[in-house]
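Student: I've got a model open and want to talk through its nonpolar parts. Can we take it step by step?

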Amino acid sequence: MRIYQWLDSRLNLKSVERTLLDEPIPGGTSWIYVFGSATLFLFLMQAITGMFLALYYAPTPDHAYDSIQFIEEQVTFGAFVRGLHHWGASGMVVAIGLHMLQTFLYGAYKPPREVMWMVGVVLFLIVMAFAFTGYLLPWDQTAYWATQVGLNMVGTVPVVGEFLMKVMRGGEVLGALTLSRFFAIHVLFLPALLVSLIAAHLFILRRVGPAGPWTDARASLSSETFYPRQVYMDAVAMLVVFTVIASLALLVPFPLTDKANPADTSFVPVPEWYFLFYYELLKYVHGPLEPLATWILPMVVILVMLFWPFIDRNPARNPIRRPVALGAGAVFLLVVFSLLGLSLKNLYAVPRVDPAVARGQALFAQFGCAGCHRIHGVGGAVAPDLSFVGDKRPDREWHLKHFKDPQSVSPGSFMPKFPLTDPQLNDLTSYVLSLKKTP
Amino acid sequence: MSEHQGDGGEGGAYTPVGTRRTFFGWVTTVAAGLIGFGLAVPLVGYVISPALKRKEQPWVDVASPDELPVGDPKQLDHVTTIQDGYLKAQSQNAVWAVKQPDGQVQVFSPRCTHLGCGYRWDGEVKQFKCPCHGSVFNIEGNVVAGPAPRPLDRLPSKVENGRLLVVFKEFKPGTKDPVEL
Ligand code: FES
């Protein structure tokens, strides 16, 4: 307190404090206004966790994967910090979505706040760019193939697409240059841009003031200062957001898939959930129509969003008196969420290679099991065909016993005992159990 | 005192006062504190993590004891793979091996106990000499002259299957007693 007084007498802080905290909110404070600050809070958390991740991360193809694995497995709280950054990214998309929805519902983009809305739309696009560039950085299979798809979509833009894609990719292949430019854009260019636009967004907010309730009559009835009640609501909202993100980071692990392997084309890439609706859309539009989905439609959507305050000329802010705007918004959300829902249905069906399975397969080869057993037409026919043994014998315990001592579970079997260590037993069992008709 | 305090200058914005104001301020502080604590603890652990890791000290095969002549110290390569963050790196060190008349092998750390310079063996006078500040050690590693505060540091060694195995360690220079780093 004494320090504050000392500084205040020199820097005249009291007036700054008053400007920052005594901003009047027309119509009073409200829980509905917390989404903007929640977004800002998440951005700060992303910035902080990102800086800390950079302590261990190496943006080169030969080290990126290992460095993230190191963070996940060796660094104290490493998985938690990475989890915060990962779930924070999702949280940010949710928060920004709710913030925009609220602005839209309240008609807060209407004059004199058009510029603030436009800056907001650009901020949203920057957040999406963050998501896209950040997705590649772990350099695992998901990252590699999802980015491959994303870049190829850029390539479908007529005339300039090919060139644009090569610029983004940094040359002929998705490789070292792609990774370093995505990294630089993610950690240097975009943050600089985002910070300046957030500053602009907030500057405009202070110039024009918050919009308040949609009826001017109610707005002018009362007005309340930003501090202490709105600050308290924002703080509570931030704590809730933090608790949710931290719990997700603690409870839902976000493991790496295998290291990026350009040769393994069997991998089915899945983008993050907020790009899923778009990914799904591409399944329905083929051939000559493809550019429609890959760039004409997104372009139109972005332009409409950007210039929405000028398209919607209805001066009313009350949602009930804006059926056209609300209808358009509802249809848009309906389309996006149906596509998202469709996509999510397929999401968990994507096979992820369990490393134990690969190790088990290696053991199978090493011990010459194929001399007697046949799998998908390869191997001897002396012993049972194992192509779909995972369906026939899904019981892990049985296999563990069986490998140790085949006669103990199937009397009369002439299969020899194999000298396996416990982890080897486990790996081999995982492999055998993975042999199913339905993966 | 009334619940709301008018502020004519700013369009009639009111500010909660009294216990309400205290409550809002208190909740804000607690929320900020919880978030700060929830971030600070893991982040500090995250940063200091590498400093808490104990270096692994494996036994490394450096030579066959039969190749070592009695009374003539030999400098041997001590090569290990160490974990350097997410990289596996080769770590090269040299150790001094001295075979005693009874066949036992004594292994010395290659750093002078004074300030850590590398010393060498002077075969003429049968002494280890440090070029930096003139410390001199005899073949047992004891200080004969110079500022060195303690004998040469001995490294754990053993002979297994006819091979000499050594663990490399580093010690703090300049102290009376050896302090492992
Ligand atoms: S370091 Fe050897 S004498 Fe000083």
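Student: Which residues touch the most other members of the largest nonpolar core?
Tutor: Keep in mind that this is a predicted model. The largest nonpolar core has 50 residues. The ones touching the most other members are Met45(A), Leu84(A) and Leu194(A).

Student: And which helix gives the most to this core?
Tutor: Helices that each supply at least two residues include H3 (34-53), H5 (78-105), H6 (114-136) and H9 (176-208) of chain A, along with H1 (18-52) of chain B. With 11 residues, the one giving the most is H6(A).

Student: On to the surface: which helix gives the most to the nonpolar patch?
Tutor: The patch includes Leu289(A), Met299(A), Phe307(A) and Ile311(A), and its accessible area together is about 830 Å². H13 and H14 (308-311) of chain A each supply at least two residues. With 6 residues, the one giving the most is H13(A).

Student: Why does Ile311(A) count as partly exposed?
Tutor: Ile311(A) sits in helix H14 of chain A. Partly exposed is the range between buried, under 20%, and exposed, over 50%. Ile311(A) falls in that range because its relative accessibility is 47%.

Definitions and conventions. Residues numbered from 1 in each chain as written. Chains lettered and ligands numbered in written order. Predicted model: local features only at pLDDT ≥ 70, side-chain atom pairs only at ≥ 80, totals over all residues. Heavy atoms only, no water. Core = buried A, V, L, I, M, F, W, Y, C linked by side-chain atoms within 4.5 Å. Buried < 20%, exposed > 50% of the residue type's maximum accessible area, 1.4 Å probe, protein only. Helix = DSSP H or I, 4+ residues; strand = E, 2+ residues; numbered from the N terminus. Patch = residues over 30% accessible without salt bridge, like charges linked within 9 Å, V, L, I, M, F, W, Y side chains within 5 Å. Areas by Shrake-Rupley, 256 points an atom, 1.4 Å probe, with all protein chains shown as cover. Salt bridge = Lys/Arg side-chain N within 4 Å of Asp/Glu carboxyl O.
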